[in-house]
Amino acid sequence: NHPGGACGYRIDHAGRSLTYITDHEHGEPEADARLQRIARGADLIIYDATYTEEEIQLRRGWGHSTWQAGMRLRNASAAKLVAFAHHEPRRADDELDRLANAAARAGANAVFAREGLEIEL
């Protein structure tokens with residue numbers, strides 16, 4: 001659900017799975033269901049967390065998402081871990097820290113992706 005379309009990917013290899021889902025705005029039931037299917041049981045979802053829930057209210061139709069929507073997708077798909085990426089370009093590191101702390105308080109099994117982050121599956 002992105003102006004001009006977008007692609008998501010799932011890679012399965014050696015008993016591990018990774019999904020890469022950016023440029024998607026939740027709210028179109030068929031597209032949301034496809035993402036849930038592609039992410040089902042994944043070891044890692046790399047997910048679009050461009051906006052906060054407050055910010056997205058002013059950016060509907062832009063084709064991006066929130067970390068909270070990413071957590072709902074992780075929970076619904078029974079994925080193990082979600083890495084939030086595709087951040088708002090003007091967001092500073094201290095803001096990402098604040099969002100990561102909010103996700104941790106929400107009980108998220110998640111990380112906010114940063115340059116140089118490595119995750120072993």
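Tutor: Two strands are said to pair if DSSP finds at least two bridges between them, where strands (E, at least two residues) and helices (H or I, at least four residues) are DSSP runs numbered from the N terminus. This is a predicted model, in which local features need pLDDT of at least 70 and side-chain atom pairs count only at pLDDT 80 or more, whereas totals for chains, interfaces and linings use all residues. Residues are numbered from 1 along each chain as its sequence is written, and side-chain values use heavy atoms, with hydrogens and water left out.

Student: Which element of the protein has the highest mean pLDDT?
Tutor: Since pLDDT is the predictor's confidence in each residue, from 0 to 100, the mean of 87 for the protein, with 94% of its residues at 70 or more, is the background here. Among the elements, helix α2 (residues 53-56) has the lowest mean, 84, and the highest, 96, belongs to strand β1 (residues 9-13).

Student: In what order do the five strands form the open sheet?
Tutor: The pairing in this sheet is mixed, and β2 (residues 16-21) pairs with β3 (residues 44-48) in the parallel sense over four bridges. The order of the strands in the open sheet is β1-β2-β3-β4-β5.

Student: Which strands stand at the edges, each with a single partner strand?
Tutor: In the sheet order β1-β2-β3-β4-β5, an edge strand has a single partner, so one side of it is left without a neighbour in the sheet. The strands placed in this way are β1 and β5 (110-112).

Student: Which residue in β3 is the bridge partner of I21?
Tutor: Strands β2 and β3 pair over four bridges. The partner of I21 in β3 is Y47.

Student: What kind of aromatic pair do W67 and F84 form?
Tutor: Rings of Phe, Tyr and Trp (its six-membered ring) pair if their centres lie within 6.5 Å, and planes under 30 degrees apart count as stacked, over 60 as edge-to-face and the rest as tilted. For W67 and F84 the centres are 6.4 Å apart and the planes stand at 65 degrees, which makes the pair edge-to-face.

Student: Which residues do the ring pairs link into a cluster?
Tutor: The rings of F84 and F112 have their centres 5.1 Å apart and their planes at 55 degrees, so this pair is tilted. F84 is buried (under 20% relative accessible area, with over 50% exposed and partly exposed in between, for a 1.4 Å probe and protein chains only), and F112 is buried at 8%. The cluster that the ring pairs link consists of W67, F84 and F112.
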